[in-house]
Amino acid sequence: MIRSSRMRSVALTGGVVAAVVLVAIALILFAGADPLTGLRGLVEGVSSSPYRVGELLVGAAPVAIVALTLIPALRAGVFSVGAEGQVTMGAIFATAAILWVRDVTADAAPAIFYALVGFVAGAVGGAAFALVPAWLAVRWRVNVILSTLLLNYVATGFLGWTLRTWLASGEATATPQSERLPEAAALPALIPGTRAHVGILLVVVAVVLFEWWRRSRQATRVAVFAERPALALRLGATRQRTLYGSMLVSGAGAGVVGWLQIAGVNERLLGSVSGGVGFSGLAVALLGGLLPAGIAVAAVFFSALTVGAVGMQSATGTIPSSIAEVIKGVLLLGVAVIAASRPGLVAPAHPGPAPAPDDGAFSAEEITDAAAASGEPVVEPEIAAEEGTR
């Protein structure tokens, strides 16, 4: 049953990718260009120089981290669309903390200390902002989709006020921005001569961590929570614990992305710091089948559309680079289909109270069936004997 569920997920994802390729070919033909020339330009736009490769990685890394840290929430049926606001809050917290350290130490702090402060402050900012919709869902059963979406606007408004007041740069600039970060706070280059920075390596760390988590007992509890709340309660996965835990993880990941954007790319806080990576991360998480390796590949694919569109325009002379946005729109429609195919994913996480469990332990077969419905690997069915009689 697990294998068939995974095969359906892989087949659906493959179908979405194939549909996107066909739409891209149709758009190229509509523009009066040769599809082979356009696709060759797309590939060359991504790989023709180290700078292009660096741009590919810079675009893929933040999307991948957001998507990877959304895995627990989406596995639990908690559909959060608030990563944009959490990236913004993480960037604000990280900028404020780094500039404070600079002032306190007279800019004498070592680079590793700036990196640690920025990482922690960004994670705290994103996680704290993610706690708000989690608390609203636990306390008043507010729909997570609605609350996280609206809180994105709150974060954007707070960022605009911040860049005009307490973090505003003293320079006369056309757009609101913060002071430039200290040189030691900027992340070192990963590929010389490009914007690719060492923070991109966090994607590898995140893939390993979530691949390990996916095989843990906690992952099984989360998967069961999405399908069988009563059984999940017997295993220790309460609604409150699952909501807070999954939202904290996704919020912290988005906040770290905010730090990466200011320390690795812009070297200051700008009004465009989120850059749409929050919504893109949600799409990539679903396109990757909520599997760490799949998400990494999907993030690279998503970034390649943007970076390669410039090469397509140069190769054909008739196709605008904005074609990437049209293709992404089609991709998002496909992602919506993927989301709709996963039971419980687009609904609030069990808005009603879970049924009271009976006095008997759940069997291994029940645990296996409930976890299999979400495509999770089932680990140690004997947990029913260890934890099922609470």
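This is a predicted model: local features need pLDDT of at least 70, side-chain atom pairs count only at pLDDT 80 or more; totals for chains, interfaces and linings use all residues.
Visitor: Which residues is Ser80 in contact with, leaving aside its neighbours within four places in sequence?
Guide: Start close by in the chain: a polar atom of the Ser80 side chain lies 3.4 Å from the backbone nitrogen of Gly82. Now skip anything within four places in sequence, and the contacts of Ser80 are Leu70, Gln86, Val144, Thr148, Met247 and Leu282.

Visitor: Are α5 and α11 parallel, perpendicular or oblique to each other?
Guide: Two packed helices are described by the angle between their axes and the distance between the axes. Here the axes of α5 and α11 (residues 239-266) come within 7 Å and cross at roughly 55°. That angle makes α5 oblique to α11.

Visitor: How many charged residues are there in the contact of α5 with α11?
Guide: On the α5 side, the residues include Ala83, Gln86, Gly90 and Ala94, and they meet an α11 set with Met247, Gly251, Ala254 and Trp259 among them. The residues of this contact split into 10 nonpolar and 7 polar, and the number of charged ones is none.

Visitor: How many of the 11 residues of α12 are buried?
Guide: The buried residues of α12 (residues 277-287) include Val277, Ser280, Leu282 and Leu287. The helix is largely enclosed by the rest of the structure, because its buried count is 10 of the 11.

Terms used. Residues are numbered from 1 along each chain as its sequence is written. Side-chain values use heavy atoms; hydrogens and water are left out. A polar contact is a pair of N or O atoms within 3.5 Å; within protein, one must be able to donate a hydrogen and the other to accept it, and residues adjacent in sequence count only if both atoms are side-chain atoms. Contact means heavy atoms within 4.5 Å. Axes are lines fitted to C-alpha atoms, for helices over the stretch in contact, and angles run from 0 to 180 degrees between N-to-C directions. Helices (H or I, at least four residues) and strands (E, at least two) are DSSP runs, numbered from the N terminus. Angles under 35 degrees count as roughly parallel, over 145 as roughly antiparallel, 65 to 115 as roughly perpendicular and the rest as oblique. Ala, Val, Leu, Ile, Met, Phe, Trp, Tyr, Cys and Pro count as nonpolar, Asp, Glu, Lys and Arg as charged, and the others, Gly among them, as polar. Buried means under 20% relative accessible area, exposed over 50%, partly exposed in between (1.4 Å probe, protein chains only).
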